[in-house]
Amino acid sequence: MEAEKIEVYICDRCKQQQGREEPKLTHIQIAGLIKILRELQMHKMSWPFREPKSEPEGSDSIKEPMDLSTIHKKFQRKHYPKLTLFVKDVLRVFSNARQLYSEDSQRGRCADTLERYFVAKLNEFKLRHGLS
């Protein structure tokens with residue numbers, strides 16, 4: 001079969017985007033992302049992720065700790081010129097939580113709920129700003 005000869009499939013849309021450098025965020029887009037970050041921080045399920053933990057349990061296994069206040073500080077220092085850098089850090093909050101907490105724990109449920117909320121807000125943002 002023809003499909004068996006293909007080592008890696010890349011869709012046509014992805015082929016078009018390969019080689020293109022991700023554009024820098026505009027001031028309006030940055031303001032929109034900061035709004036999303038504030039909404040995350042104010043969400044009732046964000047309490048475990050608002051500030052860095054002084055000594056989180058199992059912290060030895062976390063190579064790159066991340067929390068919402070650190071992301072906010074990175075915005076202030078202009079560390080997010082591109083969308084992927086911001087998204088990577090927010091998703092790191094949730095992946096770290098999955099390493100530390102079981103899915104059925106209170107903090108695990110908080111991570112799942114907040115991640116779904118973030119993805120919905122991010123998709124709205126991308127649609128509004130014509131980003132893929």
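Predicted model: local features only at pLDDT ≥ 70, side-chain atom pairs only at ≥ 80, totals over all residues.
## Overall makeup

The chain contains five helices and zero strands. Read from the N terminus, its elements follow the order α-α-α-α-α.

Of the 132 residues in the chain, 33% are buried. Among contacts in the chain with a separation of 6 or more, 67% are between residues 24 or more positions apart.

## Helix 4

Helix 4 covers residues 83–100, which is 18 residues. From its first C-alpha to its last it reaches 26 Å, close to the 26 Å expected at 1.5 Å a residue.

The buried residues of helix 4 are Leu 83, Phe 86, Val 87, Asp 89, Val 90, Arg 92, Val 93, Phe 94, Asn 96 and Ala 97. An α-helix has 3.6 residues a turn, so residues three or four places apart point the same way. The cover over the buried residues of helix 4 includes helix 2 (27–42), helix 3 (68–76) and helix 5 (106–128).

## Helix 3 against helix 4

Two packed helices are described by the angle between their axes and the distance between the axes. The crossing of helix 3 past helix 4 is right-handed.

On the helix 3 side, the contact involves Ile 71, Lys 74 and Phe 75; these meet Phe 86, Asp 89, Val 90 and Val 93 in helix 4. By type, the residues of this contact between helix 3 and helix 4 are five nonpolar, no polar and two charged.

Key. Residues numbered from 1 in each chain as written. Heavy atoms only, no water. Helix = DSSP H or I, 4+ residues; strand = E, 2+ residues; numbered from the N terminus. Expected span 1.5 Å × (residues − 1). Buried < 20%, exposed > 50% of the residue type's maximum accessible area, 1.4 Å probe, protein only. Contact = heavy atoms within 4.5 Å. Left-handed = near helix turned anticlockwise from the far one by under 90°. Nonpolar A, V, L, I, M, F, W, Y, C, P; charged D, E, K, R; others polar.
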